Amino acid sequence: MKDKNYFMRIALKEAEKGMEKGEGGPFGAVIVKDGEIISKAHNEVLKTNDPTAHAEMVAIRRASKKLGRFNLSDCDIYSTCEPCPMCFSAIHWAKIKKLYFICSKEEAAEIGFDDNYIYEVIRGEIKDKKLESIRMKDDFCHKLFEEWKQKTDKIEY
């Protein structure tokens with residue numbers, strides 16, 4: 001029977017594969033449903049020039065495509081490292097209930113993958129932000145929101 005260590009070893013092999021190919025940092029992820037691997041991935045940021053191509057994001061996209069659904073609440077995710085804020089959010093959006101990881105975000109920061117600034121922005125602790133965020137006025141957007149609110153055949157996600 002496959003156990004947690006088995007799945008994490010697969011995630012570690014994915015991370016190693018990505019590093020060896022020069023496709024991204026030392027990160028791998030595996031999504032498991034009912035004891036079977038649904039998807040596996042490694043960081044592909046350098047391969048794809050996509051800053052969102054983190055191992056967890058790629059694994060979630062592949063699992064959703066394979067299963068034909070966005071709700072992965074019956075799946076677990078194994079990641080070589082504690083997910084960044086983007087990946088952590090995606091894991092929540094996918095409704096995954098269990099996350100297993102080895103290295104911490106602090107350990108990731110020690111090798112150059114420091115997400116602390118993003119956490120500080122989210123907590124409202126940064127006054128000098130690197131991103132200027134400007135709210136615009138447009139009544140049409142509010143009408144779209146109201147239409148969504150009233151829509152009777154919408155699928156909640």
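**Pocket and sheet: a short chat**

Author: About 400 Å³ of space lies in the largest pocket of this predicted model.

Reader: Which residues are closest to its centre?

Author: Phe27, His54, Cys84, Phe113 and Asp115 are the closest to the centre, out of 23 residues that line the largest pocket.

Reader: And by class, what is in the lining of the largest pocket?

Author: There are 13 nonpolar residues in that lining, along with 5 polar and 5 charged ones.

Reader: Which helix gives the most to the lining?

Author: That is α4, with 3 residues. Helices α2 (45–48), α3 (55–67), α4 (85–93) and α5 (105–110) each supply at least two residues of the lining.

Reader: New topic, the sheet. What's the strand order?

Author: The sheet is open and has 4 strands, in the order β2-β1-β3-β4, with mixed pairing.

Reader: How many degrees are neighbouring strands turned against each other?

Author: On average 15 degrees, with direction ignored.

Reader: Back to β2. In what sense do β1 and β2 pair, parallel or antiparallel?

Author: Antiparallel: β1 (residues 28–33) and β2 pair over 6 bridges.

Reader: Which residue in β2 does Val30 stand opposite?

Author: Val30 stands opposite Lys40 there.

Reader: Last one. Where does helix α1 lie?

Author: Helix α1 (residues 4–21) lies across β1, β2, β3 (75–81) and β4. Its direction is at about 30 degrees to β2.

Technical notes
Residues numbered from 1 in each chain as written. Predicted model: local features only at pLDDT ≥ 70, side-chain atom pairs only at ≥ 80, totals over all residues. Heavy atoms only, no water. 1 Å grid on protein atoms, 1.4 Å probe; cavity = no way out; pocket = protein on both sides within 12 Å on 5 of 7 lines; lining within 4 Å. Points joined across faces, edges and corners; volume = space filled by probe spheres on them. Nonpolar A, V, L, I, M, F, W, Y, C, P; charged D, E, K, R; others polar. Pairing = 2+ DSSP bridges. Axes fitted to C-alpha atoms, helices over the stretch in contact; angles between N-to-C directions. Contact = heavy atoms within 4.5 Å.
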